[in-house]
Amino acid sequence: GKIYPHFQFVFSFKFRDLNLIKDRINLRELILGQYPYFGNILGEVWKNPEGLLFIFDCLDEFKDRIDFADSRRDTEPQHQCPDPEFQCKVSDIVYSLIQHKLLPGCSVLVTTHPTALHLLEKAE
């Protein structure tokens, strides 16, 4: 848009809605669940992560825990989410996007009430 012209695509998610996902999922399925018209172009979208903005709204409403201080997240295979087609827990997808392990170069905006700001203190 006019305000942030360097973003070609913005994907917005509410943690309240993400709470409803119980099984492992990949980023492709997560996006297509809310933006089904991206089905044929996601492969191209992944090629330019610098043009992507992910917005995650109301972290304080998320039932799963994302612990940025837990170094095991970076070493244990069950927590790693290396690419958009890899099946992961929703919390691992969000963690991997924020920590630039999934789609490095993309931007991530997380909103929360002030009472939950401590949850983001260790995020890089």
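**Starting point.** I'm working from a predicted model.

**The sheet.** I looked up the strands first. Three of them make an open sheet, ordered β1-β2-β3, with parallel pairing. β1 (9-14) and β3 (107-110) sit at the edges with a single partner strand each, so one side of each has no neighbour in the sheet. I also checked the twist, and from one strand to the next it averages 15 degrees.

**β1 and β2 up close.** How many bridges join β1 to β2? I found six, and the two strands run parallel. For S12, I noted I55 as the bridge partner in β2.

Next I followed helix α2, residues 27-34. This helix lies across β1 and β2 and runs at about 85 degrees to β1.

**The rings.** Then I turned to the aromatics. Counting rings with centres within 6.5 Å, I get twelve aromatic pairs. One pair I looked at is F15 with F56: the ring centres are 5.8 Å apart and the planes stand at 35 degrees, so I put this pair down as tilted. F15 belongs to helix α1 (residues 15-18) and F56 to strand β2 (residues 52-57), so the pair ties together parts that are 41 residues apart in sequence. Are F15 and F56 buried or exposed? I have both down as buried.

**The cluster.** Last, I traced how the ring pairs connect. They link F9, F11, F13, F15, Y35, Y37, F38, F54, F56 and F62 into a cluster, so my tilted pair has both its members, F15 and F56, in that cluster.

Key:
Residues are numbered from 1 along each chain as its sequence is written. This is a predicted model: local features need pLDDT of at least 70, side-chain atom pairs count only at pLDDT 80 or more; totals for chains, interfaces and linings use all residues. Side-chain values use heavy atoms; hydrogens and water are left out. Rings of Phe, Tyr and Trp (its six-membered ring) pair if their centres lie within 6.5 Å; planes under 30 degrees apart count as stacked, over 60 as edge-to-face and the rest as tilted. Helices (H or I, at least four residues) and strands (E, at least two) are DSSP runs, numbered from the N terminus. Buried means under 20% relative accessible area, exposed over 50%, partly exposed in between (1.4 Å probe, protein chains only). Two strands pair if DSSP finds at least two bridges between them. Axes are lines fitted to C-alpha atoms, for helices over the stretch in contact, and angles run from 0 to 180 degrees between N-to-C directions. Contact means heavy atoms within 4.5 Å.
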